[in-house]
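The exercises below are meant to be worked with the sequence and the model side by side. Each task is followed by a solution that goes step by step.

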Amino acid sequence: MMKKLKIDRDKCSGCCQCILVCPINLQIEPRLKEGIIPPRSKMKGELIMRVINGINTLLHPEYCYNKDFDFECDRCVQICPTGAFQMVEE
Ligand code: SF4
Ligand code: SF4
């Protein structure tokens with residue numbers, strides 16, 4: 001069964017921890033290792049998710065679990081302090 005990322009907008013505090021811990025985001029933007037999330041205008045690509053107006057927003061959920069990244073991961077779900085980041089089966 002496929003799993004799908006979901007963010008509960010009512011629970012998200014906009015803390016960015018999920019963004020910084022995601023291994024695919026880190027491949028896209030190595031500056032995340034230093035805790036820096038550059039603005040869109042300073043990046044060539046775009047992250048899987050980004051905090052917009054204080055709430056985490058999925059921009060490219062298709063990057064997660066795509067054919068080039070064949071591994072199990074739920075780091076974003078595990079680190080989320082409010083339970084906003086979820087992985088649901090569809
Ligand atoms: S499940 Fe892993 S790869 Fe997918 S968005 Fe979350 S941290 Fe990134
Ligand atoms: S989804 Fe969770 S970890 Fe990510 S910004 Fe929102 S509260 Fe923080």
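**Exercise 1.** Determine which residue of β3 is the bridge partner of I52, and describe the pairing around it.

*Solution.* The partner of I52 in β3 is I55. I52 itself belongs to strand β2, residues 49-52, where strands (E, at least two residues) are DSSP runs numbered from the N terminus, as are helices (H or I, at least four residues). Strand β3 covers residues 55-58, runs antiparallel to β2 and is joined to it by four bridges; two strands count as paired if DSSP finds at least two bridges between them. The two strands form a hairpin with two residues between them, and N53 in that turn has a positive phi of about 50 degrees.

Before going further, note that this is a predicted model, in which local features need pLDDT of at least 70 and side-chain atom pairs count only at pLDDT 80 or more, while totals for chains, interfaces and linings use all residues. Residues are numbered from 1 along each chain as its sequence is written, and chains are lettered from A and ligands numbered from 1 in the order in which they are written.

**Exercise 2.** Describe, by class, the shells around ligand 1 and ligand 2.

*Solution.* A residue is near a ligand if its C-beta atom, placed from the backbone, lies within 6 Å of it. Around ligand 1 one finds L5, C22, P23, I24, I48, C64, C73, D74, R75 and C76, and α2 (23-28) and α3 (75-79) each supply at least two residues of this shell. Its classes are eight nonpolar, no polar and two charged residues, with Ala, Val, Leu, Ile, Met, Phe, Trp, Tyr, Cys and Pro counted as nonpolar, Asp, Glu, Lys and Arg as charged, and the others, Gly among them, as polar. Ligand 2 is surrounded by 15 residues, the closest being C12, C15, C18, N56 and C80, and the classes here are ten nonpolar, five polar and no charged residues.
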